[in-house]
Amino acid sequence: MLQYIFQNKLIEDNRTPIFTWTIAGHHFGFFQLEVIFWIQVFAVVLLVGLFACSMWTITYHGIIPRRGTTSSFLIGFGIVCPLMVWFPFWLLRCLDIRNKIIRFCSSAIYPIVTLFHTIEAMFGFSPRGVEDSYWEYILYNACVLDIQYELNQKTKRRLPIKTTIKDKLMILFNFGKYLFLLGIYISLLSTRVEPYTTDANGNEPGFDIGHLMDFNLFRNNMVATVLFQMLLTTFTIALSGMVSILFGVKTSEGMKNPVFDSSSPSDFWGKRWNLIIHGSLKRGVFKPVYKYSSKAWAILATFLASGAFHEYLLLVVFWDGKEKGIEIAFGKNTAFMLWNAGIVTVEHFIGNSSVFQWIKRTFPRPLVTFMILCTAIPIAHWFIHPYSKTGVFDDLVLGFPMVKEIKV
């Protein structure tokens, strides 16, 4: 069954257009999405989730009752975390998964979340109520997104809010909407994530700061950042739909329009961008480090952990890269995250000063957001280019309807 699902390697775009047209001598076609792409995405996420469930079981029965003891740390750091990190590599080999986006999905959700949920369990920072029973702990981990709760007036217990048919239809509508919008965006780019000419390459060794004032690089980074936001929004909506079908509970949003509506660097990273990972990092890294040190050190540790797991994602996506002649400049993702750690730390110390508060009150919100983006966009290619220079986005287009020019 699994071999049948994954027999299409999805590494070449062999789609035929549903219909074609000609404008000024240029031939265009409309291509529908490859349904098997999304089937493979959901299948790989479910397979990793099933393995992760065994790790959550070990955590609940082996770590939480022994919290604070040497054995809890030995189980967590010696068994659960290494096995969770290893499993995607084993799965990719067994199923011969070659599409880079599906490889990314195998490691970007349950392995990362389980890693930080295990650490938060060791240090006692799991959210209130999730450790009350085995089922609640499994549900908390399986849903990934934050579960919405309501207070039962009779029992005075917080219970997950159940999804209605209307909720599920709305998730389906939003997923379809973002598939359509992303298809338009990818079509406009003509699959080129870097539409403006520049010789900057963030996937090479070294940190060339001479490109910081490269306007074309800035524009390319901005184009890719918008693409990343749309992608993360689409995939978190898909994850929310999977959770609502499997478990019937409502979850919070995974993305809150950070690129166009942030009011500060900490608002961007802490309240809007990829809230799945934010919550896991906050409880699994920030709070444990803050407990024993200062807020500045906790911020640094959090962004360092974020950089480390992004390097891990690249390692999973390109685990056989050298065999295919692909070189990845490891360390650039971490450098990008450490830069932003510095920005958020500076905001912590001077963000409440009168000049910054005056700017927030006086300037239009879009201008404030643009100024915030300018603290990161000039070096965003350190994060983006390991993906854009290695064909990752070529594997992405198969999952979306799009228009592209046909060479006759």
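**A walk through helices and strands**

Hi everyone! Let's start with helix H10: what covers its buried residues includes helix H9 (258-261), helix H11 (275-292), helix H12 (295-317), helix H13 (332-350) and helix H15 (365-373). Here, buried means under 20% relative accessible area, with a 1.4 Å probe and protein chains only. Helices are DSSP runs of H or I with at least four residues, strands are E runs of at least two, and both are numbered from the N terminus.

Before going on, please remember that this is a predicted model, where local features need pLDDT of at least 70. Residues are numbered from 1 along each chain.

Back to H10, which spans residues 265-272 and has six of its eight residues buried. Those are Pro265, Asp267, Phe268, Trp269, Gly270 and Arg272. After H10 comes asparagine 274, with a positive phi near 40°.

Now the strands, which pair if DSSP finds at least two bridges between them. S1 (residues 19-23) and S2 (residues 26-31) run antiparallel, joined by five bridges. Two residues lie between them in a hairpin, and alanine 24 in the turn has a positive phi of about 50°. On its other pairing, S2 runs antiparallel to S5 (residues 402-406), again with five bridges, and phenylalanine 31 stands opposite methionine 402.

Last, how do helices H3 and H5 pack? H3 (residues 70-95) and H5 (residues 110-123) have axes 9 Å apart, at an angle of about 175°. That makes them roughly antiparallel, a label for angles over 145 degrees. Axes are lines fitted to C-alpha atoms over the stretch in contact, and angles run from 0 to 180 degrees between N-to-C directions.

How values were computed. This is a predicted model: local features need pLDDT of at least 70, side-chain atom pairs count only at pLDDT 80 or more; totals for chains, interfaces and linings use all residues. Side-chain values use heavy atoms; hydrogens and water are left out. Buried means under 20% relative accessible area, exposed over 50%, partly exposed in between (1.4 Å probe, protein chains only). Contact means heavy atoms within 4.5 Å. Angles under 35 degrees count as roughly parallel, over 145 as roughly antiparallel, 65 to 115 as roughly perpendicular and the rest as oblique.
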